[in-house]
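Here's a quick briefing to read with the model open beside you. Have a look at the fold first, then work through the points.

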Amino acid sequence: SAAGGAAGDADARKDAEAAATAGGADEAADDDSAAALEGAPAWAALGLHSALVEAATALGWTSPTKIQRRAIPVALAGRDVIGLAETGSGKTGAFLIPAVALLLEKGASSKGPV
């Protein structure tokens, strides 16, 4: 029903708002500690497949950007992500890296939806 759909939309918005504001003061501390890592340890700390860690460091990506540090672990956990960041901040990587990780995990030749 339309009422059920509207209620579901409202619940989804509340979940998104809660996720966007989760962490509060802890968010800055998490970003500071994660930003201190560089190279392979910084990418590995996100929980990435070793092939992606190697690829990121081979490309010269010294460390994940803020949007990548915050979005990639959430996406790898199978949760939806809504991110807002400036142009050039790494949003595309934040979106695609978990997608590639899923392909590596499940195998690109698996049958059915990934």
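This is a predicted model: local features need pLDDT of at least 70, side-chain atom pairs count only at pLDDT 80 or more; totals for chains, interfaces and linings use all residues.

Residues are numbered from 1 along each chain as its sequence is written, and side-chain values use heavy atoms, with hydrogens and water left out.

**Overall fold**

- The protein chain has 6 helices and 0 strands, where helices (H or I, at least four residues) and strands (E, at least two) are DSSP runs numbered from the N terminus.
- Read from the N terminus, the order of elements is α-α-α-α-α-α.
- Of the 114 residues in the protein chain, 18% are buried; that means under 20% relative accessible area, with exposed over 50% and partly exposed in between (1.4 Å probe, protein chains only).
- Take the contacts (heavy atoms within 4.5 Å) between residues at least 6 apart in sequence: 50% of them join residues at least 24 apart.
- The accessible surface of the protein chain is about 7,700 Å², and carbon and sulfur atoms hold 58% of that; areas come from the Shrake-Rupley method with a 1.4 Å probe, and for residues only the protein chains shown count as cover.

**The core**

- The largest nonpolar core has 9 residues: Trp43, Leu46, Leu48, Leu52, Val53, Ala56, Ile72, Ile97 and Ala101. Such a core is a set of buried Ala, Val, Leu, Ile, Met, Phe, Trp, Tyr and Cys residues joined through side-chain atoms within 4.5 Å.
- Helix H4 (50-58) and H6 are the elements that give two or more residues to this core, and H4 gives the most, with 3 residues.
- Leu46 touches Pro64, Gln68, Arg69, Ile72, Pro73 and Leu76, leaving out residues up to four places away in sequence.

**Gln68 and helix H5**

- Gln68 sits in helix H5 (residues 66-76), and it counts as buried because its relative accessibility is 7%.
- Beyond its neighbours within four places in sequence, Gln68 is in contact with Trp43, Leu46, Pro73, Gly90, Gly93 and Ala94.
- The buried residues of H5 are Ile67, Gln68, Arg69, Ala71 and Ile72.
- Just after H5, Gly78 has a positive phi of about 90 degrees.

**The second largest pocket**

- This pocket holds about 370 Å³ of space.
- There are 17 lining residues, with Ala75, Val81, Ala94, Phe95 and Pro98 nearest the centre.
- H5 and helix H6 (91-106) are the elements that give two or more residues to the lining, and H6 has the largest share, 8 residues.
- By class, the lining has 11 nonpolar, 2 polar and 4 charged residues.

**Two partly exposed sites**

- Gly83 is in the loop between H5 and H6, and counts as partly exposed because its relative accessibility is 44%.
- Gly83 and Phe95 are 12 residues apart in sequence, and their C-alpha atoms are 9.3 Å apart.
- Ala44 belongs to helix H3 (residues 40-44), and at 41% relative accessibility Ala44 counts as partly exposed.

Terms used: On a 1 Å grid over the protein atoms alone, a cavity is a set of points where a 1.4 Å probe fits but cannot get out, and a pocket is an open set with protein on both sides within 12 Å along at least five of seven lines; lining residues have an atom within 4 Å of a point. Grid points are joined across faces, edges and corners, and a volume is the space filled by probe spheres set on the points. Ala, Val, Leu, Ile, Met, Phe, Trp, Tyr, Cys and Pro count as nonpolar, Asp, Glu, Lys and Arg as charged, and the others, Gly among them, as polar.
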